[in-house]
Amino acid sequence: MGMAQKKRKPKTPEKSFLVCGDEPLLKAFCEHYSRADVNLYIWHNKKPEVSKRSNLIYSRSLARIPKDLIVIFELTNTSPAQKIKNLEQIEKHCAKESLIISSSVSSTVTAQSAHARYPQRIIGISAFPTLLENDLVELSRGPLTQNDALKAAGEIFFDYHKEVSLVDDRIGMVMPRILCCLINEAIFALQEEVASTDDIDTAMKLGTNYPQGPVEWGERIGFDQVLAVMEALHADTGEDRYRPAPLLRKLAVGTILTSRFLV
Amino acid sequence: MANVIGIIGAGTMGSGIAQVAAVAGYGVILYDIEAPALDRSMKQIENNLAKAIEKNKLTAAEKETALAKIKTSVDFSQLKNSTTVIEAAAERLDIKQGIFQRLDDLLPHESIIATNTSSLSVTVLGAATRRPDRVIGIHFFNPAHIMKLVEIIKGIETSQTTISRITSLAKEFGKTPVLASDTPGFIVNRIARPFYGEALRLLGEGVASADEIDRIVKKSGGFKMGPFELMDLIGIDINFSVSKSVYEQFFHEPRYRPHPIQQQMVDANLLGRKTGKGFYEY
């Protein structure tokens, strides 16, 4: 008993962060913070497969997590309704001073703020699978976000060797929007039998120097994530240019099935 | 009969393709309507080969052998013994159709007529001949002697034998061929559209500035170049004309719609590096 408690108890007086949301993003954050001097609480319905580190602390229930967190990362992209639910619970449980850094690629900070009790501490982030491996994150603010909160968010990323870029609060922000449109276009081409998957990927890497082929990139990101951004862009703008390829919808179901049954 | 590659048009692309074919050991007949263009082309090839020697990619003897393989001519009938002709003339349908008709009359029955077009339909060019099964696209990327990718484009009548022969040829040229059906923009010029199109929209909507978008695309996406520096490098006018061409050929599919910023930059003659100013100043 004593042992178990000792294991779970955070080393004081260290900082504590909380992360919740889509599993690929949770994992990326765990990887990122696994060697950092913070306790990272993971709030999720099942224990994600991440490296065993004493500073990564899993909990299925929010009640078991301290209230005085420095920052909460809410990283749900695939279900805006789930995101709102998570944010509501977080606001009920955690101190109102805690910074909330919430993924804003499939819903804006503005939309999320409409449901919030304390929207002044909510910051948007371009949390998207595979992009989190890189050196820069995009941040955005809602209409009520305070400058202090934005400054604090910038410092948190600076501490962990990431540059930040402040962009306008729009669906997809910059990189996820461009990337998802590229992947959607590649999937349209695949669906129309313009070329094979391998040839599409080879062509884009050799012909235009892309770091990854769009189809393999989509696979690594998860087609459900790509679909979530395309659907949100389509709904937000009403423009047909953002309609998801029917094959993308099928591939997204594949991603969901794979993550559910093959892990 | 020796394997001779005919090349039509001694511009940048035709020269690059002639060089690649000669280095691969093929006899080359390089044809152009203007003699000075042929002279310029041979100088360009010599320079490129000299650079290859500097980089230890070629010996002096190999350079001479390659150069000796290339014969230039302003006489169209000299192409008559080519097993394959690669057309790299101006990107205009009427010009290319005329060339394809003349080639069809001149060449042996088995010879393949290939086009290096980046934007015209291979099927339309095939229809200008009596051998659409032996008409195919072989799209090199600029600079052709360096870029590894070659798009092989099958028109609706192109035969499997023709595809196999051109694919082997591209491999012997040291290239990586990919196969595409004859659709607007083929693979690269189509799938790359959103890279520019979305970046322009983000700029137009004020989501971020051009240099900030470039910074994000490089540091968050891992791309070597941002969309705006790339448009400046390609030429904003060239990029705009590819955008318009794909948009028109897809009958105004909104995914390919060009952006008014492109039109405005072209109107102001702000075309990128070549005019000293585009999205950036040089």
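1. For the charge counts used here, Lys and Arg are taken as positive and Asp and Glu as negative, while His and the chain ends are left out; the place of a charge is NZ of Lys, CZ of Arg, CG of Asp or CD of Glu. On that basis, the mean positions of the 33 positive and 33 negative charges of chain A lie 11 Å apart. In chain B, the mean positions of the 33 positive and 31 negative charges are 4 Å apart.

2. This is a predicted model, in which local features need pLDDT of at least 70 and side-chain atom pairs count only at pLDDT 80 or more, whereas totals for chains, interfaces and linings use all residues. Residues are numbered from 1 along each chain as its sequence is written, chains are lettered from A and ligands numbered from 1 in the order in which they are written, and side-chain values use heavy atoms, with hydrogens and water left out.

3. Chain A contains 10 helices and eight strands, where helices (H or I, at least four residues) and strands (E, at least two) are DSSP runs numbered from the N terminus. Its radius of gyration is 19 Å, close to the 18 Å that the globule rule gives for 263 residues, so chain A is as compact as a globular protein of that length; the radius is taken over C-alpha atoms, and the rule is 2.2 Å times the number of residues to the power 0.38. The C-alpha trace of chain A spans about 60 × 40 × 30 Å along its principal axes.

4. Of the 263 residues of chain A, 56% count as buried, a class that means under 20% relative accessible area, with exposed set at over 50% and partly exposed in between (1.4 Å probe, protein chains only). Among the contacts in chain A with a separation of 6 or more, residues 24 or more positions apart account for 62%, a contact being heavy atoms within 4.5 Å.

5. Chain B has 12 helices and eight strands. Its radius of gyration is 20 Å, close to the 19 Å from the globule rule for 282 residues, so chain B too is as compact as a globular protein of that length, and its C-alpha atoms fill a box of roughly 60 × 45 × 30 Å along the principal axes. Buried residues make up 55% of the 282 residues in chain B, and 64% of its contacts between residues at least 6 apart in sequence join residues at least 24 apart. Chain B exposes about 12,000 Å², of which carbon and sulfur atoms supply 53%.

6. On the interface, chain A and chain B bury about 3,900 Å² between them, with 60% of it on carbon and sulfur atoms; buried area here is the accessible area (1.4 Å probe) that two parts lose on being put together, summed over both. On the side of chain A, A:Glu185, A:Val194 and A:Arg241 lose the most area to chain B, together 19% of what that side buries. The contact takes 44 residues from chain A and 43 residues from chain B.

7. Some backbone geometry deserves a check, given that most residues other than glycine have a negative phi and most peptide bonds are trans. A:Thr130, which is not a glycine, has a positive phi of about 75°; A:Thr130 sits in the loop between strand E6 (122-125) and strand E7 (136-141) of chain A and counts as buried at 9% relative accessibility. B:Phe186, likewise not a glycine, has a positive phi of about 50°, lies in the loop between strand E8 (176-181) and helix H7 (188-191) of chain B, and is buried, with a relative accessible area of 2%. The peptide bond from B:Asn142 to B:Pro143 is cis, with omega near -5°, and B:Pro143 belongs to the loop between strand E6 (135-140) and strand E7 (149-154) of chain B.

8. Helix H10 (residues 227-234) of chain B is mostly covered, with six of its eight residues buried. The buried residues, among them B:Phe228, B:Glu229 and B:Asp232, pack against helix H8 (193-204), helix H9 (210-219) and helix H11 (236-249) of chain B. H10(B) is followed by B:Gly235, whose phi is positive, near 105°.

Definitions and conventions. Accessible areas come from the Shrake-Rupley method with a 1.4 Å probe; for residues, only the protein chains shown count as cover.
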